[in-house]
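Try each task before you read on.

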Amino acid sequence: MKALALVALCGCLPPGDPPPPRWSYLHTAIIAPSCATASCHSRLTALAGLDLSDREGAYTFLVGTICGQPPRPIDAPRNYVTPGSAETSTLVYQLRGADANGRPYRDVMPPDVPLPASEVALVEAWIEEGASCD
Amino acid sequence: MRLSACSIAIPIVVAVILAGAVTPAAAYPQFQLALGVDRCGACHVSPAGGGLLDAYGRDEAGDTISTGGDGRFLHGAWEPPSWFQLGGDLRVATAIKTRGHESELLAFPMQADVNARVGGEHLAVQLTIGVRGGARDPQPPLVERLASREHYVVYQRDTDSYLRAGRFAPVFGIRTPDHTAAIRRYLGFGLLEEPYGIGGGWSGEASEVHATAFVPRPSDVLGAGVKASGVTLYAERRIGGDTAALAGQAKIAFSDADAVATAGVVGKRWFPGARVLLLGELDLQRQSFAGDGPTRYQLAAYGGATAFVAHGWMLGAAVQRWQPDLRRPTARDAVEVNLQYFPRAHVELHLLLRLSGSGDFERPGTLSLLQLHYYL
């Protein structure tokens, strides 16, 4: 029944490109609505010192470099995203709820409802492709 | 009426406990139709519903909703002048959250809001201000958690029509106090996401219409969520001798990051014999990302039933769904049970049990939340 309803609804929709592993999409589609809420990582609250409300700022907080600029020696690398390596990125452990060895990881995010696996995979793809700021 | 020591002590104790707490002060959408009133504005000062109760709403709080007590401000100990109406919402909560093998015990101040209306019959200023609550530490200092979700000037030509300008929640959807509900959180109506705008509405014998044009908040310290400009429209028709209501709604919003067009329906049906209210909302949303970004189609849905099982008791169940892209099998779902008890006017105990997860509950989580709510 559920599948039928989905087919009926989706059948009316125009085909679309798959979601791109680009920061501009990830921030608007996933990070902002799931993480930058008033009580969590918004400008208002900035739990754990993280303000993920705007695109450039969130990028700097997670990746450790300023959006649009190459890494500089004085930029202290954050441990949330390691460009080119999803398997060593803390952000991925938090979203998956498991570390690189599959062991349960504390500080799972978001703490209320987990992201769907396809959205976590998109974040991983973005990191694997270099975590650029476009 | 004499004020008992208990009725004085309760608000003071709760206020002291809460000297560190906000969340949503919305309405109880189950009360429309079920309590013999056809529209939200019948019990609330705002003709759009929600927030500060009017004299009729306070009377109902004592006689109809709970098992007794005086619903007036400060239990009737002091009657404010007619140009000044005051109220407030205080909530404390404790919760147990589980996800996988992890569990988390939380106890936190949830809400400490003051609601005020100053003005005459036609022109007034309304304000809701409080201290934001927070379930997890560390929270910002108290002064940085002060927030005003609503502050606006309202003009009412008569009881049937109004215009307002300022910051307020546009009339849209089921206005559940639960700001984490899919129909609020994922449609841009989350906590402190109220925009600035101008709005108006009209209510008739069996229908009402509300419209709002809004712009982004001027500063990030005023709220959260996407900073967008746009319009909302909500039109409701009551049918079946005021035992049912059906509404259509739409929203268009533009920001630097995306453009969103939302259309939805809201329905309520009251079964007086069984004393059960069904309510539901279904929204479809088209989101286009800026630049050469893609377009996706989303769905937000809420369906619930509330039984008024005994005087002062409500038992409800609801299902929720958020589908961020209808062309892909990705969803966040939740099922929940709510038990609400109103022992006396001004007091509510609310137990929420929720199971939520992504996809087919591939990584389910549970929430058990008990909140004590005192309203002035």
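This is a predicted model: local features need pLDDT of at least 70, side-chain atom pairs count only at pLDDT 80 or more; totals for chains, interfaces and linings use all residues.

**Exercise 1. Now turn to β5 of chain B and work out in which sense it pairs with β6(B).**

Solution. 
- Step 1: strand β5 (residues 161–167) pairs with β6(B) in the antiparallel sense, over seven bridges.
- Step 2: one bridge to pick out is that of G166(B), whose partner in β6(B) is G197(B).

**Exercise 2. Sort the residues of β6 (residues 196–203) of chain B into a covered and an uncovered face.**

Solution. 
- Step 1: the covered face consists of G197(B), G199(B), G201(B) and S203(B).
- Step 2: the uncovered face holds Y196(B), I198(B), G200(B) and W202(B).
- Step 3: G197(B), the bridge partner of G166(B), belongs to the covered face, and so does G201(B), which stands opposite H210(B).

**Exercise 3. Decide whether A169(B) counts as buried or exposed, and list what it touches.**

Solution. 
- Step 1: A169(B) lies in the loop between β5 and α4 (182–185) of chain B.
- Step 2: count its surroundings. A169(B) has 25 C-beta neighbours inside 10 Å, and the cut-off is 20 or more, so it counts as buried.
- Step 3: leave out residues up to four places away in sequence, and A169(B) touches G50(B), E150(B), F189(B) and E194(B).
- Step 4: compare sequence with space. Y196(B) is 27 residues from A169(B) in sequence, with a C-alpha to C-alpha distance of 8.7 Å.

**Exercise 4. Describe the largest nonpolar core and the surroundings of I183(B).**

Solution. 
- Step 1: the largest nonpolar core has 45 residues, and those with the most contacts inside it are A34(B), A182(B), I183(B), A300(B) and Y302(B).
- Step 2: the element that gives the most to this core is β12(B), with four residues.
- Step 3: beyond its neighbours within four places in sequence, I183(B) is in contact with G173(B), I174(B), E281(B), D283(B), A300(B) and Y302(B).
- Step 4: there is also a second, separate core of 42 residues, and V92(A), Y93(A), V108(A) and L191(B) are among its members.

**Exercise 5. Explain why the buried residues of α3 (residues 55–63) of chain A line one face.**

Solution. 
- Step 1: the buried residues are A58(A), Y59(A), L62(A) and V63(A).
- Step 2: viewed down the axis of α3(A), these buried residues fall within an arc of 105°, so they line one face of the helix.
- Step 3: their cover includes α2 (23–35) and α4 (90–96) of chain A.
- Step 4: just after α3(A), G64(A) has a positive phi of about 95°.

**Exercise 6. State how many residues each chain brings to the contact, and class those of chain B.**

Solution. 
- Step 1: chain B brings 44 residues and chain A brings 35 residues.
- Step 2: on the side of chain B that touches chain A, 15 residues are nonpolar, 15 are polar and 14 are charged.

Technical notes. Residues are numbered from 1 along each chain as its sequence is written. Chains are lettered from A and ligands numbered from 1 in the order in which they are written. Two residues are in contact if their C-beta atoms, placed from the backbone, lie within 7 Å. Ala, Val, Leu, Ile, Met, Phe, Trp, Tyr, Cys and Pro count as nonpolar, Asp, Glu, Lys and Arg as charged, and the others, Gly among them, as polar. A nonpolar core is a set of buried Ala, Val, Leu, Ile, Met, Phe, Trp, Tyr and Cys residues joined through C-beta atoms within 7 Å. A residue is buried if 20 or more other C-beta atoms lie within 10 Å of its own, exposed if 12 or fewer, and partly exposed in between; C-beta atoms are placed from the backbone. Helices (H or I, at least four residues) and strands (E, at least two) are DSSP runs, numbered from the N terminus. Two strands pair if DSSP finds at least two bridges between them. The arc is that of the directions from the helix axis to the C-beta atoms.
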